[in-house]
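Please examine the sequence and the three-dimensional structure shown here. The paragraphs that follow treat charged pairs, then a pair of strands, and then the surface.

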Amino acid sequence: VWHDELVAQGKMIAGQRLAPQTKLVSKTGITDGPFTETKEVIGGYWILQVRSREEAIEWAKRAPMSNNEVIEVRQIHEMSDFPEDVRKAAEGFEHMNR
């Protein structure tokens, strides 16, 4: 029901369940994860188009979850959020990915 409401109101951009196995990649190598001491598991994600952080939090509070689950709310920066010099530098990278 919650998911259907997100879609019906045009808030849902993307969302998927994620497998619990990870690969951590760095300049020094690749490590399997998650580690045994890890208490949190990222089970999935939703990308919403909302007007404010407060609206995102309100949607998150309504999500179906148990008492021991949490939802992390983060902003995804758009190119317009960056200074003009950064946007110009990124233009070449955007062109390469098309």
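A salt bridge is counted where a side-chain nitrogen of Lys or Arg lies within 4 Å of a carboxyl oxygen of Asp or Glu. By this rule, seven salt bridges are found. The structure is a predicted model, in which local features need pLDDT of at least 70 and side-chain atom pairs count only at pLDDT 80 or more, whereas totals for chains, interfaces and linings use all residues. Residues are numbered from 1 along each chain as its sequence is written, and side-chain values use heavy atoms, with hydrogens and water left out.

One of the salt bridges joins the side chains of Lys-11 and Glu-55, at 2.8 Å from N to O. This pair connects distant parts of the chain, 44 residues apart: Lys-11 belongs to the loop between helix H1 (2-8) and strand E1 (12-17), and Glu-55 to helix H2. Helices (H or I, at least four residues) and strands (E, at least two) are DSSP runs, numbered from the N terminus.

Are these two residues buried or exposed? A residue is called buried under 20% relative accessible area, exposed over 50%, and partly exposed in between, with a 1.4 Å probe and protein chains only. Lys-11 is buried because its relative accessible area is 10%, and Glu-55 is buried because its value is 16%.

Glu-55 also forms a salt bridge with the side chain of Arg-51, at 4.0 Å from N to O. Arg-51 has a relative accessible area of 75%, so Arg-51 is exposed.

We turn next to the strands. Strand E2 (residues 22-26) and strand E3 (residues 29-33) run antiparallel and are joined by five bridges; two strands pair if DSSP finds at least two bridges between them. A hairpin of two residues connects E2 to E3. Leu-24 stands opposite Thr-31 in E3. A further salt bridge brings together the side chains of Lys-23 and Asp-32, at 2.2 Å from N to O. Lys-23 is exposed, because its relative accessible area is 56%.

Finally, which residues form a nonpolar patch on the surface? They are Trp-46, Ile-57, Met-65, Ile-71 and Val-73, with about 380 Å² of accessible area together. Patches are made of residues with over 30% relative accessible area and no salt bridge, like charges being joined within 9 Å and nonpolar side chains (Val, Leu, Ile, Met, Phe, Trp, Tyr) within 5 Å. Accessible areas come from the Shrake-Rupley method with a 1.4 Å probe, and for residues only the protein chains shown count as cover. Met-65 lies in the loop between helix H2 (53-61) and helix H3 (84-96), and Met-65 counts as partly exposed because its relative accessibility is 35%.
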